[in-house]
Each structure stands twice: as C-alpha cells, then as structure tokens.
Amino acid sequence: MNIALVTAGGRGKRMKQEVPKQFMPIKNKPLIIYTLEVFQNHPNIDAILVSCLNGWEPIMEAYIKQYNITKVKWIVKSMDTPQSSIKVALKELEKHCSKEDVVLIHDGNRALLSEEIISDSIVTCRQHGGAIAVIPCNEVIVKTNNNIDSEEFLNREELKRTQTPHTFPLGKLLWAHEEAEKRNITNAIATCDLMMQLGEKIYFSTGSEKNMKITTSVDIEIFEALLALGEE
C-alpha cells in the first residue's frame, strides 16, 4: 500500500489568525481539504492518515465527511513537536499496515502538490528506499554570522530546497524514530533532517515552485492567485 501521512498540527501563529491556517477557508473550502483532495484523487494512494491539531479532531472529521475524503482511515492527535507528532502517527500505522508499505509524509499546508510529485516520490522510494521532494536553488545565497552583513556566498549549484513529501517504507521510518530515541535526537524539524542526523543518504524526487508551504497571509494571496489561474 501507499499511505499519505498528512501533518495538520500547526497553530499558525505567523498567520495571526484565531483559526489555525490549515482550517482557514479559501474560496469557501478549508485549506487542508485542498491537500487531502490531491491524495484522494491520486490512483496510487490507498489510504490517508491525518495528524491533527489537538482539540480540532471533530472539526477535521466533519470536513472530511463533508468533502467526501473517503481515503482518510485514521486521525491522530499531533504532539508538541513535528518529530514527536510523526512518531505517534507512525505508531498508529504500525497497527494496521505492513512495514513494506510506503508512507508519504506531507505538510498539510502544501496544498498545491501535483499528481506528478506524488507519483515520482513513490517511484523514487521504490527504487532507492527513500525520496525527498526538492527544487533547485535559483537565488544567490549568502552566509552571515551576525544577520547584518556577509562576505561569503554559497554555490547554488550545490544546493537544493527541500519540500514534502518525504517518502519511505514504514519499517524504515519506525527504525529511524526508534534510533533517534536511542541517540537522544529530539530536534529534527523534518524527516529528511532526521535521516541525515542518523547518517542516512537521501534521494531526490520531483518538487515544484507551486508546492509552496502556506505560512503567511502573503502565501494565501499567492495560493488564491494560483487557484484562479488553474480555474481559467
């Protein structure tokens, strides 16, 4: 099976809204539903687990029912950190799934991922044992020690910008979180970060500039504009 693990546990403090950003209505539809619909409509996704902000589970369930997201099989409470939230979600999947099943961990507020991104992530994982969606780094990147000035730039040809999904077999992900506990690694901000802290090589899959992480009100404006272009 191929399972989407969609994280929706953020409180959206940078958005400065009372409603967490994943539940914000955009063109009369909650942001998280846009994300879930992409996985719902992909023919190679068999099931979805949502890691949901604690206390918002009933609202998530209501939206999933309203928009007929039938592939959502499990909703679990998110924890205080991304690493601990994903670990809890993986432990739930362990009860129901095979360790050979492929898990695509995806930010719930990256609502414009494409069918191609999902497909290439699965194929790359099957070929190499893992896949991280990336895009090129087109800007000039400078290094600073004081946030005031710089005398050094980094070679952008050697840099990639990571996105999600982060895709691995369930058994590999469970191993990584168990190993992190043994090594007292608690600060991983993403699965690619955790894997590299454990000394694992990561392999790249297709990303897209449209697969943006919606974090601020400006991101919402860009998302709405891209939706309008898609409708046209």
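1. Start with helix α4 (residues 115-128). Its buried residues are covered by elements that include β1, α1 (31-41), β6, β7, β10 and β11. Contact here means heavy atoms within 4.5 Å. Helices (H or I, at least four residues) and strands (E, at least two) are DSSP runs, numbered from the N terminus.

2. A word on the source. This is a predicted model: local features need pLDDT of at least 70, side-chain atom pairs count only at pLDDT 80 or more, and totals for chains, interfaces and linings use all residues. Residues are numbered from 1 along each chain as its sequence is written, and side-chain values use heavy atoms, with hydrogens and water left out.

3. Which residues of α4 are buried? They are I117, I118, S121, I122, T124 and C125. They lie on the same side of α4, because they cover an arc of only 165° around the axis. The arc is that of the directions from the helix axis to the C-beta atoms. The face turned away from the buried side carries the exposed residues E116 and Q127. Buried means under 20% relative accessible area, exposed over 50%, partly exposed in between (1.4 Å probe, protein chains only).

4. The length of α4 agrees with expectation: at 1.5 Å a residue, its 14 residues should span 20 Å, and its end C-alpha atoms are 20 Å apart. The expected span is 1.5 Å times one less than the number of residues. G129 follows α4, with a positive phi near 90°.

5. Now the sheet. Seven strands form an open sheet in the order β5-β4-β1-β6-β10-β7-β11, with mixed pairing. At the edges are β5 (72-77) and β11 (204-206), each pairing on one side only. Two strands pair if DSSP finds at least two bridges between them. Strands β7 (residues 131-136) and β10 (residues 160-169) pair in the antiparallel sense over five bridges. There, I135 stands opposite R161 in β10.

6. Helix α3 (residues 82-96) lies across β1, β4, β5 and β6 (102-107), at about 140° to β5. Axes are lines fitted to C-alpha atoms, for helices over the stretch in contact, and angles run from 0 to 180 degrees between N-to-C directions.

7. Check the backbone. Most residues other than glycine have a negative phi, and most peptide bonds are trans. N68, in the loop between α2 and β5, has a positive phi near 55°. N184 has a positive phi of about 60°. A cis peptide bond joins T164 and P165, with omega about 15°. P165 lies in strand β10.
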